[in-house]
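Please look at the sequence and the model before reading on.

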Amino acid sequence: MKFTEFNFNPKVAAGVVAAGYDTPTPIQAKAIPTVLDGRDVMGLAQTGTGKTAAFALPILHRLMKGRRGHTRALIVAPTRELAEQIHTAISSLGQETGLRSITVYGGVSIRPQIARLKQGVDIVVACPGRLLDHIKQKTIDLSHLEVLVLDEADQMFDMGFLPDIRRLLTHLPSQRQTLLFSATMPKEIRSLAKEVLRDPETVQVDLVAPAVTVSHALYPVDEARKTDLLFALLKHTDTGSVLVFTRTKHRAKRLGEKLVKVGYKAASLQGNLSQNRRQAALDGFRDGSFQILVATDIAARGIDVSQVSHVVNFDIPNTPEAYIHRIGRTGRAARSGDAFTMVTPADRSMERAIEKVLGRSIERRVLDGFAPSAVSSPVSEQTHRNSRGGQSVGNRGGGNTPSRRSKNSSNHRNYSARPAKPAVASSVGQ
Ligand code: AMP
């Protein structure tokens, strides 16, 4: 299938060409015709699948007809970074359309937003809190709204935004098209979908299938030695851009500072930073001025950085879905990537839950000198032999090499011998 089959307005089609898109991703192929028909959509897809263009292109097409300068499309997203990313995608895809899009979120002055809203815009990309402030102050007019997109709805739920979303809905025209995107479907999102969508078409792309281009490994380690292990991994592994995840904002900040102290170009991305510093960290990571970004789940959710070679889970995530999200930051657009997860004995049950979702066991590696006290002798002292019989998720192409990026593979010791299960389906849009 080609984009030309959608018969987009030529100005919108020009944006597709400028973006270099040729073939629609599965979510685009499925969702675009439905959105063009004016129907509501429940989209089950995560970032990296091309879902932004799946809603942005039909919206741009629709807005080409009708009066300019009224807010006719509203996209609500959980984080400021995601709002900026969506706005950037819309501005780029809509570069020939003359349609105007702005972002509206907290943590920055409200005045410039008010001024821009006054001038008249067609598309608003907003985070819930600041949007409600504008509604309260009557600085935004949503009476002409035709399309509402709720993006990353499960994340909005996790962040406690659902009451804000419900409040927002009371201020919107009931005659509208609504598109709801979520990576997972907890029951709260299912009931939200029931409330807001009318006769929706459900469009789903592999919900929790990881990119096949990502190789996974677990690094058992004692909690107290995680920082040293990270330094050692960075030293022994040939990395490009590295995204490191921690459980808390505080840990992200501290680890970022430690990395800088030992000479790495690193930054942290966490909710306690001002918006300017968050954006600077992200921009610096995107343009390569920072090689390492240490982030929390919330700060990094939905962020599209295409050059990440390694994701390191300094702390194991709280849910298997979060693991899929984190590792989705690497191996994008058919590039290969590595996902390293540090694990302590306390992480056993989450390890199993993640392996269950992946459909197979993950290769375990011990870096010399880092064997945790609880698992001191599961294998002999061979340092670079994989004791496993089957192929693990970690081994692309079926080999037993610990990592193609390993500078010094003798430092990595594999000791898992659990049988491998069949491969899971590949993710889309990668
Ligand atoms: P998203 O899931 O919307 O964050 O998109 C993930 C990445 O895929 C972004 O960098 C998009 O620019 C890119 N992308 C989206 N659609 C296509 C397509 N049809 N062909 C190539 N790349 C795409």
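## Conventions and source

A crossing of two helices is called left-handed if the near helix is turned anticlockwise from the far one by less than a right angle, and right-handed if it is turned clockwise. Helices (H or I, at least four residues) and strands (E, at least two) are DSSP runs, numbered from the N terminus.

The model is predicted, and local features need pLDDT of at least 70, side-chain atom pairs count only at pLDDT 80 or more, while totals for chains, interfaces and linings use all residues. Residues are numbered from 1 along each chain as its sequence is written.

## The chain as a whole

The secondary structure of the protein chain comes to 15 helices and 15 strands. Of its 430 residues, 47% count as buried, a residue being buried if 20 or more other C-beta atoms, placed from the backbone, lie within 10 Å of its own, exposed if 12 or fewer do, and partly exposed in between. Two residues are in contact if their C-beta atoms, placed from the backbone, lie within 7 Å; among contacts between residues at least 6 apart in sequence, 79% join residues at least 24 apart.

Strands are taken to pair if DSSP finds at least two bridges between them. On that basis, seven strands form an open sheet with parallel pairing, in the order β3-β4-β2-β5-β6-β1-β7. Its edge strands, each of which pairs on one side only, are β3 (101-104) and β7 (201-204). Neighbouring strands of this sheet are turned against each other by 15° on average, direction ignored, where axes are lines fitted to C-alpha atoms, for helices over the stretch in contact, and angles run from 0 to 180 degrees between N-to-C directions.

Within the sheet, strand β2 (residues 73-76) runs parallel to strand β5 (residues 147-150) and is joined to it by four bridges; valine 76 stands opposite leucine 150 in β5. Helix α3 packs on the sheet, where it touches β1 (41-44), β2, β5 and β6 (177-182), and its direction makes about 170° with that of β5.

The axes of α3 (residues 51-63) and α4 (residues 80-93) come within 10 Å and cross at roughly 45°. That makes α3 oblique to α4, since angles under 35 degrees count as roughly parallel, over 145 as roughly antiparallel, 65 to 115 as roughly perpendicular and the rest as oblique. The crossing is right-handed. In the contact, Thr52, Ala53, Ala56, Leu57 and Leu60 of α3 meet Ile86, Ala89, Ile90 and Leu93 of α4. By class, this contact has eight nonpolar, one polar and no charged residues, with Ala, Val, Leu, Ile, Met, Phe, Trp, Tyr, Cys and Pro counted as nonpolar, Asp, Glu, Lys and Arg as charged, and the others, Gly among them, as polar.

In helix α2 (residues 26-36), the buried residues are Ile27, Gln28, Lys30, Ala31, Ile32 and Val35, and what covers them includes β1, α3, β6 and β7. Glycine 38, which follows α2, has a positive phi near 85°.

## Strands β10 and β11

Strand β10 (residues 266-269) pairs in the parallel sense with strand β11 (residues 292-295) over four bridges, and the bridge partner of serine 268 in β11 is valine 294. In a regular strand the side chains alternate between the two faces of the sheet. In β10, Ala266 and Ser268 point one way and Ala267 and Leu269 the other way, and all are buried.

## Helices α14 and α15

The axes of α14 (residues 320-327) and α15 (residues 348-358) come within 9 Å and cross at roughly 65°; the two helices are therefore roughly perpendicular to each other. α14 passes α15 in a right-handed crossing. Pro320, Tyr323 and Ile324 of α14 and Ala353, Ile354 and Val357 of α15 make the contact, which by class has six nonpolar, no polar and no charged residues.

## Individual residues

Most residues other than glycine have a negative phi. Asparagine 7, in the segment before α1 (10-19), has a positive phi near 50° and is exposed, with 11 other C-beta atoms within 10 Å. Aspartate 199, in the loop between α9 (187-196) and β7, has a positive phi near 45° and is likewise exposed, with 6 other C-beta atoms within 10 Å.

Arginine 365 lies in strand β14 (residues 363-367) and counts as buried, with 25 C-beta neighbours inside 10 Å. Arginine 365 and leucine 218 are 147 residues apart in sequence, yet their C-alpha atoms are 6.1 Å apart in space.
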